[in-house]
Amino acid sequence: MTYRSDFLRALNDRGLIHQISDAEGLDALALNGTITAYVGYDLTAASLHVGHMTNIMMLRRLQQAGHRPIVLMGGGTTRIGDPSFRDDARPLLDDAQIEANKQSIKKVFSRFLTFGDGPTDAIMVDNAEWLDKLEYIPFLRDIGRHFSVNRMLSFESVKSRLDRDQSLSFLEFNYMILQAYDFLELSRRYGCQLQMGGSDQWGNIINGMELGRRIDNNPLYALTSPLLTTSSGAKMGKSAGGAVWLNEDMLAPYGLWQYWRNTEDADVGRFLRIFTDLPLEEITRLEALEGAERNDAKKILATEVTALLHGREAANAAAETARKTFEEGALAQDLPSHVITRDVLEAGLGVLAAFGPDHTGLVTSTSEARRQIKGGGLKVNDVIVTDEKARLTPSDLTSEGLIKLSLGKKKHILLKIA
């Protein structure tokens with residue numbers, strides 16, 4: 001359909017709409033008033049990763065169109081863990097770890113949203129505020145009676161676990177009821193009318209929408225974005241070295257820049273639309289570039305995304321580090337680094353260990369390091385490693401007092417002496 005509201009037009013033009021529960025109703029609501037909408041984030045790690053950026057950008061588009069975003073921290077639901085489309089149960093975290101994760105995750109949102117007390121300023125709330133106070137029997141009587149187990153078992157997010165070796169626990173089965181209750185509470189407390197999320201959350205979001213209508217006769221809406229994968233089928237937010245974290249203390253700006261610089265050719269236009277604020281006309285021009293010029297579009301993508309997360313200065317510095325490293329062959333001091341003691345180096349640090357997860361993490365295991373050496377994929381100071389028994393010593397230090405370790409042509413880490 002053709003959307004009339006700035007909000008849905010922006011989402012549609014940027015490729016951020018997968019499903020809407022009532023597109024005409026939501027479009028009319030956005031056209032004629034201010035919508036309050038939320039996205040929930042469970043606190044399972046100390047940082048969100050690139051895969052979460054899609055929904056963060058949805059909240060950003062919402063605010064840019066003159067509406068109010070709610071960032072919901074899952075201090076309560078994290079104690080259970082969302083079972084949706086997982087092969088096994090999430091590890092249970094204690095309260096201290098959940099709180100530490102919340103404080104760490106919170107920092108990233110100020111880069112994307114304006115928080116405050118104004119009518120379209122974003123707010124951040126924690127569902128532990130109401131979930132921790134629930135009484136079991138009253139909750140079952142007042143809320144649980146509105147849920148059909150038959151229907152809950154029909155959701156793909158649940159069905160995918162029923163025949164697995166790791167069965168779906170009763171604890172996890174309650175997750176979708178608590179998420180639905182979140183929507184009800186947010187609608188009551190803050191006038192929230194819309195929940196957004198990835199397409200894997202459709203069933204959970206619909207539950208909350210219907211709960212609000214049954215109990216409060218309140219018209220609520222659901223909107224999901226496509227679950228993104230790269231053109232080759234890789235899941236967004238993952239790389240060979242693990243998760244691509246959004247927090248700077250878990251992934252330096254250069255590492256984030258390099259992740260986006262390595263975008264596949266077929267994904268450049270799509271990712272520019274979703275993850276940057278560049279005008280659509282400029283994106284159309286960039287995605288039409290071919291050959292070597294396509295790399296210029298990738299660099300712009302990397303710089304724009306990194307600037308959103310870490311600021312323009314950090315993004316430009318990351319781009320300059322890459323230019324020095326790849327175009328000039330220089331040893332850029334701003335490359336990611338790993339610190340070791342001089343004693344470790346003087347004793348001789350095996351190359352397998354240096355490249356492995358206990359140090360730089362350029363490879364995930366000793367066996368992978370051996371495979372890379374056989375294929376000529378590992379370098380020390382730009383010299384190919386041929387002996388898996390080789391050891392790094394002080395003689396490998398450059399005049400700058402560094403050792404440059406490389407995996408292929410694009411992944412580099414500097415060893416520095418403490």
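Reader: Which residue in strand 14 is the bridge partner of L378?

Author: That partner is L407. Before we go on, this is a predicted model, where local features need pLDDT of at least 70, side-chain atom pairs count only at pLDDT 80 or more, and totals for chains, interfaces and linings use all residues. Residues are numbered from 1 along each chain as its sequence is written, and side-chain values use heavy atoms, with hydrogens and water left out.

Reader: What makes strand 11 and strand 14 a pair?

Author: Strands here are DSSP runs of E with at least two residues, and helices are runs of H or I with at least four, numbered from the N terminus. Two strands pair if DSSP finds at least two bridges between them. Strand 11 (residues 378–380) and strand 14 have 3 bridges, in the antiparallel sense. Strand 14 also pairs with strand 15 (residues 411–417), antiparallel over 6 bridges, and there I403 stands opposite L415. In the hairpin of strands 14 and 15, with 3 residues between them, G408 takes a positive phi near 65°.

Reader: Why is strand 14 called mostly covered?

Author: Buried means under 20% relative accessible area (exposed is over 50%, partly exposed in between; 1.4 Å probe, protein chains only). In strand 14 (residues 402–407), 6 of its 6 residues are buried. L402, K404 and S406 cover one side, and I403, L405 and L407 the other.

Reader: How do you know that the span of helix 3 agrees with what it should be?

Author: The expected span is 1.5 Å times one less than the number of residues. For the 12 residues of helix 3 (residues 53–64) that gives 16 Å, and the end C-alpha atoms are 16 Å apart, so the two agree. G66, with a positive phi near 90°, follows this helix.

Reader: Why is the pair of Y38 and F183 called edge-to-face?

Author: Rings of Phe, Tyr and Trp (its six-membered ring) pair if their centres lie within 6.5 Å; planes under 30 degrees apart are stacked, over 60 edge-to-face, the rest tilted. The search of the whole structure finds 7 aromatic pairs. Y38 and F183 are 5.6 Å apart centre to centre, with 65° between the planes, and are edge-to-face. Y38 lies in strand 2 (residues 36–42) and F183 in helix 10 (residues 175–190), so the pair ties together parts 145 residues apart in sequence. At 1% relative accessible area, Y38 is buried, and F183, at 0%, is buried too.

Reader: What makes the pair of F139 and Y181 edge-to-face?

Author: Their ring centres are 5.4 Å apart and their planes are at 90°, so that label applies.

Reader: Why does N247 count as buried?

Author: Its relative accessibility is 4%, so N247 counts as buried. N247 is found in the loop between strand 8 (242–243) and helix 12 (253–261).

Reader: What makes N247 and A46 a contact?

Author: Contact means heavy atoms within 4.5 Å, and A46 is one of the residues N247 touches in that sense, leaving aside neighbours within four places in sequence. A polar atom of the N247 side chain lies 3.4 Å from the backbone oxygen of A46. The two residues are 201 apart in sequence and 8.3 Å apart in space, C-alpha to C-alpha.

How values were computed. A polar contact is a pair of N or O atoms within 3.5 Å; within protein, one must be able to donate a hydrogen and the other to accept it, and residues adjacent in sequence count only if both atoms are side-chain atoms.
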